[in-house]
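Me: I would like to learn how to read a few features of a structure. Can we take them one at a time?

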Amino acid sequence: MSLLHLVILAPFVLAILVPFLYKYVRQVHTGWFVMILPLTLFIYFLQFLPMISRGETIYEQQPWIPSLGINFDVYVDGLGLLFGLLITGIGTLVVLYSIYYLYNKKKESLHNFYVYLLMFMGAMLGVVFSDNLMTLYIFWELTSLASSLLIAYWFHKERSRYGAQKSMLITVSGGFAMLAGFSLLYVMTNTFSIREIIAQADVIVTSPLFIPAMLLVLAGAFTKSAQFPFHIWLPDAMEAPTPVSAYLHSATMVKAGIYLVARLTPVFGITQHWFWIVSGFGIFTLIWGSVSAIRQKDLKAILAFSTISQLGLIMALLGLGSAAFHYDVAVVGTLYYTATLAAVFHLINHATFKGSLFMIVGIVDHETGTRDIRKLGGLMAIMPITFTVALIGTLSMAGVPPFNGFLSKEMFFTAALNATTMDIFNMQTLGILFPVIAWIASIFTFAYCILMFSRTFLGKFKPEKLEKEVHEAPIGLLIPPIVLASLVVIFGLFPNLLAYSIIEPTMASILPNVLADGERFYVNIYHWHGFNTELFMTIGVVIFGSLIYLNLKKWAEVNWFLRERDPLNWVYDNSLVWTVNGSIKVTNMQMTGLLRDYFVFMTVFIIGLMGYTMIKYNIFAIDLANVAEVSPYVLILVIVLLATTVLLPFISHRITAIVATGVIGFLIALLFVVFRAPDLALTQLLVETVMVVLFLLAFYHLPELRKEKFTPRFKLTNLVVSIGVGLVITLTALSAHAFSHANPIQPISDYFVKNSYELAGGKNMVNVILVDFRGLDTMLEVLVLAIAALGIVVLIKLRMTGKEDV
Amino acid sequence: MKSSLMLHTITRIVAFIILSFSVFLFFAGHNNPGGGFIGGLMTAAGLLLLYVSFDLKTIKRVIPFNYTTMIATGMLLAIGTGVVSMFLGDAYLTQYFDYFQLPILGETELTTALPFDLGIYLVVVGVALLSILTIAEDDA
């Protein structure tokens, strides 16, 4: 186990210690202890940067279940390290922020909070560094679990529980589909190692399981990354404490799906299915999210839909980037891998500005007591630092220079425009959709950014609507967003800081084999491209976005605009209701509580199964040639037996019925006599005698048989079922008889006949078999009798009233 | 009970016949129809006759058997016979037999199947009577 393994497991270890720290070190806020860990890990990961940027990778193995090919292998390359840095870096800031956000040590159950948070952090690190798909899946589900726990942190609130359940159901079902996808990948390649799977990409592409595997894996990625139509859990997850929203639902967990798509692009990316599904769903999510965001009245809801939209953007770019596999870089240059570059760059940018915006919203909520933009306004003068940070974050999100959002959005436009020049996958005709949708979505993005910002910080201050005395936040709450906002500015002004160190190696892991050996991606991000289409698109975005914002009052009259909830929630809520009602109905239909119904189910099943088997294998046969002579005794006995049996259901007197049953027993004893089984006959006679005595004793106290009134249909069903059972058993017996004559098997009774006297010294073969050859059976049967007798004693002597302390 | 003199008298005779017959069945098992199971049931039937013709208390005084103990003894006997063969190095429940010259009976075959059968006999008698008497005594 290498240091890297310990690094991944460290959060889990610390999570075990957190409750003790919380309980025994009361005077210090538990968060301070927790913060050390992500900070240390962040610094530790930073050390890898020089090595990774040289194009090297680290691979550490740790066998776990080697017989199943499941190992805890850790693989660090550009993509993994990028995520590792995001997780630990933003993790540190979020923990710091949470120390001031959940400042009340007595009221908040901090031990829960930090245990869940650390569990999440460890799981997330596991997801991004695992080389083994099964290990990845385990960590993946752990993130879902931790996320649900964090959403329901204030579990006394009904909305929190609803949100947690929803996110759990959606992400776990996606994760489960993903597991199936991983299994299919294993079937195709016989390995769970991602690197080995990538090496066998050509095998996978030609396999018939390719499409199902791809769809299943994408189901996992899309549910986690809140892509349409699985995005509905994210707005409801906003019930979580704001540090959680900032960490999980903007920077890390929702990017797990992005990570997976990026990681598996070399496996699936070569096909047009992947290209169209990933970029299609992405671009649709982009516009759906940005249009939905503008309808929201809650700051966190705006940010949630904004996150959805931006994730869609990154997803679309990853899809478009996969086209690079089809072109020779030497010929077309950087044209088609710009999309991947934009995806990676925007991934980083989004984490910085969205993280800071969430924290700002948390501050606003914390200081004013509301997140409703209808109540807020004019906070600029009261909260100047918050205002400044928010301004930077919002402008970056809206894509205004000189912030990093502008750069990544320009690149996004470039990639979308490049898509129209592709000559594959029908892109000549459909390709024009990409820049158009991208542009419209950006207009809405701009509009909701301005809306959110101006409604909170500009305008008139409305203290009468607020419950608290408003003032600037404490410095501890402000540091994390300030750090993130400065990153926004730094990355905006000096984007090439990132380019060489992390973006290039990340692109190399998403698009391997695109470049010739020894070459590397050369990324140079700069602000000024001259007067090109992208610039005019941005100017258009600003103009039209402002127009939308200025005319919001008119928009507000449109009915559609007033609806805050996503219409897809209706589908989700109702499908839950339908599922519950449907299963109740199905259960009530079969679980009647009546034994006779269950008996009918069982017998009908037996009839069906045996009948089907007989017909399917055509094994019905009658063999009259080998039937023994029927003696007159047997004939008479059988007739009487049949008559008594048929009579039995019509007897309405209990004692008569018992006697009739006795008659059947004695007739069977006679049959044994006729068939020369004296021991059996004796036993049958005696058992029947004892049985009748027992019956009479037991039934003496019972009331007279009641005549039940049955509907004719019920009677008919019973008749049909009874006849069916009789018929099937008879046919089976006949066929078995015919079959045994057609395929004679040496009976073992010959052995007993020969050896019972010689080996066991007895002439009564039946008894010798019972006590000698097969003594164990006899012993256990006697044991059964003993248990039955003791059962009777217990039933009768121990009359419990239900009040005993047993 | 009224006018049960006939019944009592006949029972006294018949019960002994039945019981002796049951003992015969038990011993005959090895070479003729019979054995522990049938013998046990027959004994139970004989004892039942006693219980039916006299009242429960009387018979309990005369035959002070504890049927639960009888079942346990029978089980132990059956299981124990099997264990013996394990001590001799054979499989569980291996039965042995040989012919011996006994004082009165002359040459007799003795077999370990007999104690095993006796165990079964005891369990069957115990089970039949225990269940019937428990139900019969129950007046709740």
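Me: Is A:D236 buried or exposed?

Reply: This is a predicted model, so every value here is computed from it. Read the relative accessible area against the cut-off: under 20% means buried. A:D236 has 4%, so A:D236 is buried.

Me: With which residue does A:D236 form a salt bridge?

Reply: Look for the closest N and O atoms of two side chains. A:D236 pairs with A:R159, and those atoms are 2.8 Å apart. A:D236 sits in helix 11 of chain A and A:R159 in helix 7 of chain A, so the pair ties together parts 77 residues apart in sequence. A:R159 is partly exposed, at 36% relative accessible area. Shared partners join A:R159, A:K166 and A:D236 into one salt-bridge network.

Me: How many salt bridges does the whole structure have?

Reply: Eight, over all chains. One of them joins A:D77 and A:R263, at 2.8 Å from N to O. A:D77 lies in the loop between strand 4 (74-76) and helix 4 (78-101) of chain A, and A:R263 in helix 13 (residues 254-268) of chain A, so the bridge links parts 186 residues apart in sequence. A:D77 is buried at 3%. A:R263 is buried too, at 4%.

Me: Which side chain does A:R54 meet in a salt bridge?

Reply: That of A:E56, at 3.1 Å from N to O. Here A:R54 is exposed, with 53% relative accessibility. A:E56 is partly exposed, at 35%.

Me: What span should helix 27 of chain A have?

Reply: Take 1.5 Å a residue, then check the end C-alpha atoms. Helix 27 (residues 568-590) of chain A has 23 residues and should span 33 Å; its end C-alpha atoms are 33 Å apart, which agrees.

Me: Which residues of helix 27 of chain A are buried?

Reply: A:L568, A:N569, A:Y572 and A:N574. An α-helix has 3.6 residues a turn, so residues three or four places apart point the same way. The buried residues of helix 27 of chain A pack against helix 7 (158-189), helix 11 (233-236) and helix 14 (272-293) of chain A.

Me: Which residues make the nonpolar surface patch?

Reply: A:L776, A:L780, A:L783, A:I787, B:I79, B:M86 and B:Y92, over about 590 Å². Helix 35 (775-797) of chain A and helix 4 (67-87) of chain B each give two or more residues. The largest share, four residues, comes from helix 35 of chain A. A:L780 lies in that helix. A:L780 is partly exposed, at 43% relative accessibility.

Me: What is the order of elements in chain B?

Reply: Read from the N terminus: α-α-α-α-β-β-α. That is five helices and two strands.

Definitions and conventions. Residues numbered from 1 in each chain as written. Chains lettered and ligands numbered in written order. Predicted model: local features only at pLDDT ≥ 70, side-chain atom pairs only at ≥ 80, totals over all residues. Heavy atoms only, no water. Patch = residues over 30% accessible without salt bridge, like charges linked within 9 Å, V, L, I, M, F, W, Y side chains within 5 Å. Areas by Shrake-Rupley, 256 points an atom, 1.4 Å probe, with all protein chains shown as cover. Salt bridge = Lys/Arg side-chain N within 4 Å of Asp/Glu carboxyl O. Buried < 20%, exposed > 50% of the residue type's maximum accessible area, 1.4 Å probe, protein only. Expected span 1.5 Å × (residues − 1). Contact = heavy atoms within 4.5 Å.
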